[in-house]
Structure formats: structure tokens, C-alpha cells
Amino acid sequence: MNQIYTYPGFGSSGGTTVQDYAGYTEAEQGRWRTLFAQQAKLAETHATPEHLAGLDVLDTCERIPDIARTSERLEARTGWTLMPVTGLVSNDDFNAMLSSRVFPVTCRMRSAEEMDFYVAEPDIFHDCFGHVPMLCHKPYGDFLASFARQGALARSDGEAAMMARLFWYTVDFGLIDTPRGLRILGGGLLSSPGETDYCLNDPRPLRVGLAPERMVQTDFYVGHLQKIYFVAHSFADLTAMTAGDFMPLYSRYAGCIPLPPGQALPEDELFEPRGY
């Protein structure tokens, strides 16, 4: 059964740790290589040039990344660092880390049963392949830190749910329009083999121009193909989104029943799938 989460948060069971690199099995290393080879090939035509450049800088194709070494390369590039964690961290800790330009990386490698789609609890492939390369691009890193500072303003469950929707539809499952057509922005998409091509090319989901007021009202699926994606026109769109104050947005829609993901609105700016 499909489940819609109105308030997923980011969990509360995880904490900082030390990566036990010697503890990864050969089967886990093999799953990393399989996923990397498959997703890197798709990324050539589905990811942004900025993501591809980040993959080259971080150079993590052959084995599961050593988080400390990858962090050193990233810090030298843009000042961001990586923090190993045991699992999902609390909203407050997550926002505090990102605000300080520290990205939490889950140490676990996904199981064989989790190879095809988005994993509800992030793993090291989701984080290091999906998210970390974009941190090599300074405008994106600035957006993410600013987003976290805005996210920290959310205090009630309702406000946190709206912030989670903004995060989901940009950082995890966002698209961006480029001179070469639609490309993937979100790390959740780039680390999910079953959804990487679907999000750009399948005619079934909606693709709607980035609109924060629309996004905070729109629920999303966890663990299932999405019915709607939001498209930034440029990285400047993302910067503009976090330049203001989220609190009026939270207040305007407090208590509203979320919109179902597959519902188009008259004011939506709709994008066609690639090739149509």
C-alpha cells in the first residue's frame, strides 16, 4: 500500500559516530560498485553538469568512500565537511549541521533488497553519490546552508511538515531546467535506480515549476515513485526561495489539509517530460 507521510521529519535515532571502514563486507563493496556504475552512466544524461563535476572531484567510484578522506577533498573545494552518523538525525541536529556547512553521511550500505528504489532511511550511497557531489558547487552549498537556517525556524509539527515538503521537493526530489533540458537536482532521485529515468522521461508524473507556496501544501510519497516533481528554472531560483522568511509561509497554511501529490492546479506551470 502506498503511504503518504505528512510529517516524516528526519528521525531521531541517529548520532555521530566513527566510520568502521574495515567492517564493510565484500558484498557491500560490490553493491557500491554496481550502483555507482549504473547511476554514473545515467548521470551523464540525467544529472546536472555541476553534479558530474562533483563526482570527478570526489573520485569515489571503485569502493565505498572513506568519509574522512572525502571530507578533506570537499573542504578544500568549498569549505563543507562530512560527519559520519549512525542513521537519521533529529530535525534540530540536521539543521544545525547544515547551517554550519557540515553534511551528515550515514555509514551503512544498503542491503541487496534496497538496490532498486529510494531507501526511506538514507545510506552511504544516497548521501555520497546523491548529495555530496553537489556540495562541490558553491551556489548550491550556499542554498543548502541557507535552507537549513530557515528550516530551524519551524517549531510546531505543522511547520516542520511544511519545511520537510520544501526539502523533499528540492534537495531530495527536485528537478532543474537547463539549456540541455530538464536535469535531476535531488540526491534522492540520483541515488534511486528505479526513479532516475522515470522522473524525467515518464509521461505520468506532473512536473511543476518551483513554487514554495504550492510545495508546502503538497504531500509526498516515501518509498514509492512520485506523482509530482518541482522544477527550478536555475540555481538562482533556489537562492531566491531561501532569501526571504519562511514564517509567513508557515502561518499562511497552518492547519490546511495537504494537497494530494498527483493533483494539478490551474496556476501550475507544467513541464513536459523529455522527448515529448
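At 1% relative accessibility, Q39 counts as buried (under 20% relative accessible area is buried, over 50% exposed and in between partly exposed, with a 1.4 Å probe and protein chains only). The structure is a predicted model, in which local features need pLDDT of at least 70 and side-chain atom pairs count only at pLDDT 80 or more, while totals for chains, interfaces and linings use all residues. Residues are numbered from 1 along each chain as its sequence is written, and side-chain values use heavy atoms, with hydrogens and water left out.

**Surroundings of Q39**

- Q39 belongs to helix α1, which covers residues 26–46; helices (H or I, at least four residues) and strands (E, at least two) are DSSP runs, numbered from the N terminus.
- Leaving aside residues up to four places away in sequence, Q39 touches F125, F129, L189, L190, S191, S192, P193 and T196, where contact means heavy atoms within 4.5 Å.

**Salt bridges**

- Side chains of opposite charge can pair when their charged atoms come close.
- There are 10 salt bridges in the structure, each being a side-chain nitrogen of Lys or Arg within 4 Å of a carboxyl oxygen of Asp or Glu.
- One of them pairs R101 with D142, with 2.9 Å between the closest N and O atoms. This pair links distant parts of the chain, 41 residues apart: R101 is in the loop between α4 (91–99) and β3 (102–106), and D142 is in helix α6 (residues 138–151).
- Both partners are partly exposed, R101 with a relative accessible area of 26% and D142 at 24%.
- D142 also forms a salt bridge with K138, at 2.8 Å from N to O. These two residues both lie in helix α6, 4 residues apart, which is about one turn of the helix.
- K138 is exposed, its relative accessible area being 52%.
- A further salt bridge joins the side chains of R204 and D202, at 2.9 Å from N to O. R204 counts as exposed at 63% relative accessibility, whereas D202 counts as buried at 15%.
- Through shared partners, salt bridges join R101, K138 and D142 into one network.

**Helix pairs**

- Two packed helices are described by the angle between their axes and the distance between the axes.
- The axes of α4 and α6 come within 8 Å and cross at roughly 145°; axes are lines fitted to C-alpha atoms, for helices over the stretch in contact, and angles run from 0 to 180 degrees between N-to-C directions.
- N95, L98 and S99 of α4 make this contact with L144, A145, A148, R149 and G151 of α6.
- By class, the contact of α4 with α6 has 4 nonpolar, 3 polar and 1 charged residues. Ala, Val, Leu, Ile, Met, Phe, Trp, Tyr, Cys and Pro count as nonpolar, Asp, Glu, Lys and Arg as charged, and the others, Gly among them, as polar.
- Helix α2 (residues 49–58) and helix α3 (residues 67–78) have axes that come within 10 Å and cross at roughly 125°. α2 is therefore oblique to α3 (angles under 35 degrees count as roughly parallel, over 145 as roughly antiparallel, 65 to 115 as roughly perpendicular and the rest as oblique).
- D56, V57 and L58 of α2 meet T70, R73, L74 and R77 of α3 in this contact, and its residues divide into 3 nonpolar, 1 polar and 3 charged.
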